[in-house]
Amino acid sequence: MATPTLVLESAFPQRPSRAIDGTLTAPLIFVGTGSSAELANLNLAGKIAVVHKKPDPSLYHSRINTSELVARGAIAMVHVIELPGNMHSFDAGGCASTVPCFHLGGNDGAFLEAAIGAAADADRPPLQMELSLEVELRDNATAANAVAVVPGNGASDENIIINAHADGWFDGASDNGDGLAVLIALVHHFADVGADFGRDLVFVASAGHHTSGGNGPSAFVAAHPEITRNTVLVLNIEHVAQLNMSSSLTRPQSGYRELVAGMVEFPKAAGVSNQAPFLVDLFGEAAARYGVNIFQRVGPEVSGDLGGYRPLGVPLAQFIYASPVYHTSGDVLDTISTPGLERAARFHAFVITQAANTCRRLLQPDE
């Protein structure tokens, strides 16, 4: 007797997935989290690997070595994302480029895992899955950076760049709607009160952060040497005000635990690339002054949109996080803290003012 075909509506293709010529039909094999220990005794040859991912705290932090799955013969991958509901999600660094790869939402994923288990318990053949993926390439797409300069008092030709990327996945409320909102608020603030210090403030709404080959900071650096040769510091504003979320204590009959939002923002990792004591202390002072929830350690790691500014050889600084709904369709306005936006704006206004008034030797002590 033929079994019904079920469509998993939340299936979302991942970059850099390989296209499929027509359809691909193969048996499913559940590989847990895809660790070497879980794969040790599994035969993946000619099968679709079903991987379970728990965004803890985010998809960015739950990436696995997918090349090992391919090396063991997997011909496609389906990543079950352990989140409530049936969200779409995307993570460009989480899949191999040589096989098709899809993410599944929590409800579809829970159903699929249960069905694989039920078939095994009933001593039935492995479930089969049919995949199709068509890829369309669009040429001549463009993206533009927006730049605003608030001039200082003319006592110096130096400047500080304040950056926030303007593109996002899905609604992109925290990646990076909140950062862009704070950037715009800072432009208005300093334009109104005036920059009563020597250095200019250069505000960049950068484009192409999520698009391969279109990085906004790299394009800005290449296009504006007259600005960047005088830059002494780059601040990035990214993922700054999303509410802290964790799993609830109760598990529903089906699917995964709901996410419960706290009253404060998600804790953020602060980074200062050159570990200048002045900047490290300044971040700590600003966080304490305005109640910004950052980790106590201010490390040298600066991810996010700052990569394009590395060729400048100047200090790069930010606080940033990636929450459970990072790069998902759950990254919506309701998850953003309004007081958190104000805290982030006051934090950055204080840091900018202090950094703009200090000598270059404190910003770049190793120069």
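Predicted model: local features only at pLDDT ≥ 70, side-chain atom pairs only at ≥ 80, totals over all residues.
Close-up 1. Helix α3 covers residues 106–121, 16 residues in total. From its first C-alpha to its last the helix reaches 22 Å, close to the 22 Å expected at 1.5 Å a residue. Just after α3, D123 takes a positive phi of about 55°.

**Close-up 2. The buried residues of α3 and the strands they pack against.** Buried in this helix are G106, D108, G109, A110, L112, A115, I116 and A119. The strands in contact with the buried residues of α3 are β2 (24–30), β3, β4 (76–81), β5 (101–104) and β6 (128–131). Of these, β3 spans residues 48–53 and contains H52, the subject of the next view.

**Close-up 3. H52 and its polar contacts with E82 and E113.** H52 belongs to strand β3. Its relative accessible area is 15%, and H52 counts as buried because this value is under the 20% cut-off. The side chain of H52 is joined to that of E82 by a polar contact of 2.6 Å. A polar contact of 2.6 Å also links the side chains of H52 and E113.

**Close-up 4. The largest pocket, with about 910 Å³ of space.** The lining of this pocket consists of 26 residues, and the closest to the pocket centre are P4, T5, L6, Q128 and M129. At least two lining residues come from each of β2, β5, α3 and β6. Strand β6 gives the most, with four residues. Sorted by class, the lining holds 18 nonpolar, six polar and two charged residues.

Close-up 5. Strands β13 (268–272), β14 (294–299) and β15 (316–320) each supply at least two residues of the lining. By class, the lining residues divide into 14 nonpolar, 11 polar and seven charged.

Technical notes:
Residues numbered from 1 in each chain as written. Heavy atoms only, no water. Buried < 20%, exposed > 50% of the residue type's maximum accessible area, 1.4 Å probe, protein only. Polar contact = N/O pair within 3.5 Å; in protein donor to acceptor, adjacent residues only side chain to side chain. Expected span 1.5 Å × (residues − 1). Contact = heavy atoms within 4.5 Å. 1 Å grid on protein atoms, 1.4 Å probe; cavity = no way out; pocket = protein on both sides within 12 Å on 5 of 7 lines; lining within 4 Å. Points joined across faces, edges and corners; volume = space filled by probe spheres on them. Nonpolar A, V, L, I, M, F, W, Y, C, P; charged D, E, K, R; others polar.
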